[in-house]
Amino acid sequence: MTVRLDAVDWKILDELQRDGRITNVELSRRVGISAPPCLRRVRALEEDGIIEGYRALLDEKRLGYDLMAFAMVHLISQAEADLGAFQERIAHWPLVRSAWMLSGDVDFLMLCVAPDLRTFQAFVLEITAAPNVRNVKTALTLKQAKDAPVVPLEAGLPKGI
């Protein structure tokens, strides 16, 4: 179900993506409405599930996670129950930052962090030993070319906004 957003809603979303800690008073000033209706709009966007939550973005390297890698997992069976079981297992692996179920040769792509190569190697062995895993391919990252943890709102804006 698509929720209808007006120009003010789009501005609110844009400002909150830029700074999730902005005060309601400052947000209302930036989007050009008074504070009470601004707060009502933000709450409505939250209740509609457009705003899913707020979080701090942390620098994993400064916290000791010097290694970032992708793990590409190919399962033996792609039956719904087996895919679901593996997805449940992913939820309990703290080194996995994000994961996607894919079509094609790879069933799951997981972005992982680890403090060092030894820890990541041990984790790959754990993945490989998991039920229904055929094989795991990995790729260590060398340099991040882009990290945009935001939705490209300008692509979805109605004409004239």
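**Group meeting talk: cores, strands and salt bridges**

Okay, let's start with Phe120, which touches Leu67, Ala69, Cys112, Ala114, Thr138 and Leu140, leaving out residues up to four places away in sequence; contact here means heavy atoms within 4.5 Å. Quick housekeeping: this is a predicted model, where local features need pLDDT of at least 70 and side-chain atom pairs count only at pLDDT 80 or more, while totals for chains, interfaces and linings use all residues. Residues are numbered from 1 along each chain as its sequence is written, and side-chain values use heavy atoms, with hydrogens and water left out.

Now the cores. A nonpolar core is a set of buried Ala, Val, Leu, Ile, Met, Phe, Trp, Tyr and Cys residues joined through side-chain atoms within 4.5 Å. Buried means under 20% relative accessible area, exposed is over 50%, and partly exposed is in between (1.4 Å probe, protein chains only). The largest core has 22 residues, and Val73, Phe86, Trp93, Met110, Phe120, Phe123 and Ile127 touch the most other members. Strand 1, helix 4 (80-91), strand 3, helix 5 (117-129) and strand 4 each give two or more residues to this core. Strand 1 has the largest share, with five residues. There's also a second, separate core of 14 residues, including Val8, Ile12, Cys38 and Leu45. In soluble globular proteins, nonpolar side chains tend to be buried together.

By the way, helices (H or I, at least four residues) and strands (E, at least two) are DSSP runs, numbered from the N terminus.

So how does strand 1 pair up? Strands count as paired if DSSP finds at least two bridges between them. Strand 1 (residues 67-75) runs antiparallel to strand 3 (residues 108-114) over seven bridges, and Ala69 has Cys112 as its bridge partner there. Strand 1 also pairs with strand 4 (residues 133-140), again antiparallel over seven bridges, with His74 partnered by Asn135.

Last stop, salt bridges: a side-chain nitrogen of Lys or Arg within 4 Å of a carboxyl oxygen of Asp or Glu. The structure holds seven. Take Glu15 and Arg30, at 3.0 Å, N to O. That pair links distant parts of the chain, with Glu15 in helix 1 and Arg30 in helix 2 (residues 24-31), 15 residues apart. Glu15 is buried at 15% relative accessibility, whereas Arg30 is partly exposed at 38%. Glu26 and Arg29 meet at 2.5 Å, N to O, and both lie in helix 2, about one turn apart. Put together, Glu15, Glu26, Arg29 and Arg30 are linked in a network of salt bridges.
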